[in-house]
Each structure stands twice: as structure tokens, then as C-alpha cells.
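Subject: Structure handover

Hello,

Please find below the structure I am passing on to you. My notes on what was found in it follow.

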Amino acid sequence: MSKKLDLASQQFIGYYAGKWGELIGMIKAMGLTEKEWIKLQEDYPLDLSDEEIQEINEFFNPPKQICYKTNEVCKYNCPGVCRDSV
């Protein structure tokens, strides 16, 4: 996994050189997992803003969908409008 994290660290550097237009697009293209993201933050100096770190954290742990009908967390974890809301 170390070689993959080395590569990921280099890709973050490339992100700042303008090779990627979107941060999450780069994360997806890398195939970076949440476990690797955590390890990367622990072991590598990343020149990311707090907002960029938050964006990546939210990618791996998106906020729960709230059902507009019941105003509770969606039991289906719908990616858009909750099925119970329509």
C-alpha cells in the first residue's frame, strides 16, 4: 500500500500544478479508498486547505439524506430525493 500512497501523494502535488480540474474527480480516478485517505493524512504532508480536506471527508462520509416527508434520516439512504418523500 505504501507505493500507492506515494503515488497518491504525488497526484495531490499534481492537482496543484493544474493537472486536475476537480478534487473529487482526482480522488475517483485514483481509486483512493477511505482507509488509504486516513493513512495518507497520517503519514504524508498534504498541502490541502481545510475546505479541501472537508470536501474529501464528505466524499467518503456523505451526510445522511433527510426524508422531506418524515423529517428523519432516510431508511433507504437515497442519493437524491428520498423515496418516501415523493
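The protein chain has four helices and zero strands, where helices (H or I, at least four residues) and strands (E, at least two) are DSSP runs, numbered from the N terminus. Read from the N terminus on, the order of elements is α-α-α-α. This is a predicted model, in which local features need pLDDT of at least 70, side-chain atom pairs count only at pLDDT 80 or more, and totals for chains, interfaces and linings use all residues. Residues are numbered from 1 along each chain as its sequence is written, and side-chain values use heavy atoms, with hydrogens and water left out.

Burial

The protein chain has 86 residues, and 29% of them count as buried. Buried means under 20% relative accessible area, exposed means over 50%, and partly exposed is in between (1.4 Å probe, protein chains only).

Helix α4 covers residues 50-60, and its buried residues are E52, I56 and F60. Seen down the axis of α4, these buried residues fall within an arc of 80°, so they line one face of the helix. The arc is that of the directions from the helix axis to the C-beta atoms. On the face of α4 turned away from the buried side are the exposed residues D50 and E51.

Salt bridges

A salt bridge here is a side-chain nitrogen of Lys or Arg within 4 Å of a carboxyl oxygen of Asp or Glu. By this rule there are two salt bridges.

One of them joins K4 to E36, with 3.2 Å between the closest N and O atoms. K4 belongs to helix α1 (residues 2-16) and E36 to helix α3 (residues 34-43), so the pair ties together parts that are 32 residues apart in sequence. The C-alpha atoms of E36 and K4 are separated by 8.7 Å. K4 is partly exposed, at 35% relative accessibility, whereas E36 is buried, at 7%.

The side chains of D43 and K39 also meet in a salt bridge, at 2.9 Å from N to O. These two residues are four residues apart in helix α3, and so are separated by about one helical turn. D43 is partly exposed at 43% relative accessibility, and K39 is partly exposed at 31%.

Aromatic pair

Rings of Phe, Tyr and Trp (its six-membered ring) pair if their centres lie within 6.5 Å; planes under 30 degrees apart count as stacked, over 60 as edge-to-face and the rest as tilted. The whole structure has one aromatic pair. F59 and F60 form this pair, which is edge-to-face, with 5.0 Å from centre to centre and 70° between the planes. F59 is partly exposed, with a relative accessible area of 30%, while F60 is buried, at 15%.

Helix packing

How do α2 and α4 pack? Helix α2 (residues 23-30) and α4 pack at an angle of about 50°, and their axes are 10 Å apart. That makes α2 oblique to α4, since angles under 35 degrees count as roughly parallel, over 145 as roughly antiparallel, 65 to 115 as roughly perpendicular and the rest as oblique. Axes are lines fitted to C-alpha atoms, for helices over the stretch in contact, and angles run from 0 to 180 degrees between N-to-C directions.

Regards
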